[in-house]
Amino acid sequence: MITTPAMTSEPHGVAATPERISELSGLLQSRIKATVTEIERINLNTRLLAFNAQIEAARAGVAGISFNVVSGEMVKLAESIQQATSTIAKESESLAGELAAISRELATSVRGTRLADLAYTNIELIDRNLYERSCDCRWWATDGAVVSVLEGGHGDASVVASSEERLAVILKAYTVYFDIVVADTKGRIVANGHPGLYKVKGLDCSSEPWFVTAMGKASGDDFGFQSVHASALAAQQRALIYSCKVGRGGRADRETIGVLGVVFRWDALAQTIVNATPIDPESRAKTLIAIVDDERRILAATDEALLGKSFETADAEEIFSREKTSMVGTVFGRPALIAHALSPGYETYRTGWHSLIVEYRNAS
């Protein structure tokens, strides 16, 4: 069980958690029931003794009249005790049930807040990391080796080789990328940093979102983008692509001579983040951790069978409309505690995506 620091313990080592309250409530109720049962047993014996005393008093005639009065009072006392124990049993059961319900609700609230915090951390990590990707492509679009191969050099094998050597140096330092590609204004790949791994030179990318969005920008100060997909530029591995116009002379505001694309290893980031989310071992088997885009398509998940599928919940409008929340609802038709955090953004970048942690629960 993961607890927040403020709720870890009280003086003398007493655990102050909703779960402990619920446990104590159940324990108290069981002990009250056991005590009431014991009182009822003793009371039954008392009544039997009183009835036997009344019988013996009757046999004694006049001499047993006073003893008969005492035994009668003992019967009345036993009846009063029976009524009192019955009342205690009913009231304690009602109060214990209410206390258990409150502790369960409190446990859900505390747990939900904890999971929502974790969901927020996950999406913030992704925003921060992808902000750097958007910066990388704009920076490298001004590199001389990229500019030279687009300024008429892609017909010269030595210029292409020199450009690819430079891209390979970048990739050696930035291992988060599958590749870096350079396309001319018609969308044809003229150079890439890993030509031995990905034989994409000459590939027509004119209709690919990363190329189209970059060409649609006003200048090289903006970036294009293609969301998670099985990319032909990375042997059909799942990738994100950030892109940027390349201006003549390496100037962002000059004539466009091509587009630079950086092919990012999405799973290396996102799957690592969701799988490394600190969920206690007891809960991990029943927990789904996912990153979902603005169309509710699952981009990353601890259950990889769900990748690419739509996140199904009857509570979508309430969940996705909030920046950070948790609630009890249903996911893929199963009851669950759902924690959600919306992309907070970092610097000038924001994915607009959603982070979710779903703790499935047994149907009641």
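**Note on the predicted model: strands, cores and loops**

1. Strand β4 is largely enclosed by the rest of the structure, because 10 of its 11 residues are buried. Here buried means under 20% relative accessible area, exposed over 50%, and partly exposed in between, with a 1.4 Å probe and protein chains only. Strands (E, at least two residues) and helices (H or I, at least four) are DSSP runs, numbered from the N terminus.

2. The model is predicted: local features need pLDDT of at least 70, side-chain atom pairs count only at pLDDT 80 or more, and totals for chains, interfaces and linings use all residues. Residues are numbered from 1 along each chain as its sequence is written, and side-chain values use heavy atoms, with hydrogens and water left out.

3. The protein chain has eight helices and 10 strands. Of its 364 residues, 41% count as buried. Among contacts (heavy atoms within 4.5 Å) between residues at least 6 apart in sequence, 57% join residues at least 24 apart. The accessible surface of the chain is about 18,800 Å², and 55% of this belongs to carbon and sulfur atoms. Accessible areas come from the Shrake-Rupley method with a 1.4 Å probe; for residues, only the protein chains shown count as cover.

4. Strand β4 spans residues 237–247 and is joined to β5 by nine bridges, the two running antiparallel. Two strands are taken to pair if DSSP finds at least two bridges between them. Ile 241 stands opposite Val 263 in β5, and Ala 239 has Arg 265 of β5 as its bridge partner. On the side of β3 (residues 224–231), β4 pairs in the antiparallel sense over six bridges; here Ala 230 is partnered by Arg 238 of β4. The hairpin of β3 and β4 has five residues between the strands, and in this hairpin Ala 235 takes a positive phi near 55 degrees.

5. Strand β5 (residues 256–265) is mostly covered, with eight of its 10 residues buried. Besides its pairing with β4, β5 pairs with β1 (residues 177–183) in the antiparallel sense over six bridges. The bridge partner of Ala 183 in β5 is Val 259.

6. The largest nonpolar core holds 49 residues, of which Leu 130, Val 182, Leu 260 and Trp 266 touch the most other members. Helix α2 (residues 65–140) gives the most to this core, with 10 residues. A nonpolar core is a set of buried Ala, Val, Leu, Ile, Met, Phe, Trp, Tyr and Cys residues joined through side-chain atoms within 4.5 Å. Not counting residues up to four places away in sequence, the residues touched by Trp 266 include Ile 126, Leu 130, Val 228, Arg 238, Leu 299 and Trp 353.

7. Eight bridges join β8 to β9 (residues 334–342), and Ser 326 stands opposite Ala 339 in β9.

8. Asp 280 lies in the loop between α6 (266–275) and α7 (281–284). Asp 280 is buried, at a relative accessible area of 5%. Its side chain makes a polar contact with the side chain of Ser 283 at 2.9 Å. A polar contact is a pair of N or O atoms within 3.5 Å; within protein, one must be able to donate a hydrogen and the other to accept it, and residues adjacent in sequence count only if both atoms are side-chain atoms.

9. Most residues other than glycine have a negative phi. Arg 296, in the loop between β6 and β7, has a positive phi of about 70 degrees although it is not a glycine. Arg 296 counts as partly exposed, at 26% relative accessibility. Phe 332, in the loop between β8 and β9, has a positive phi of about 50 degrees and is likewise not a glycine. Phe 332 is partly exposed, with a relative accessible area of 23%.
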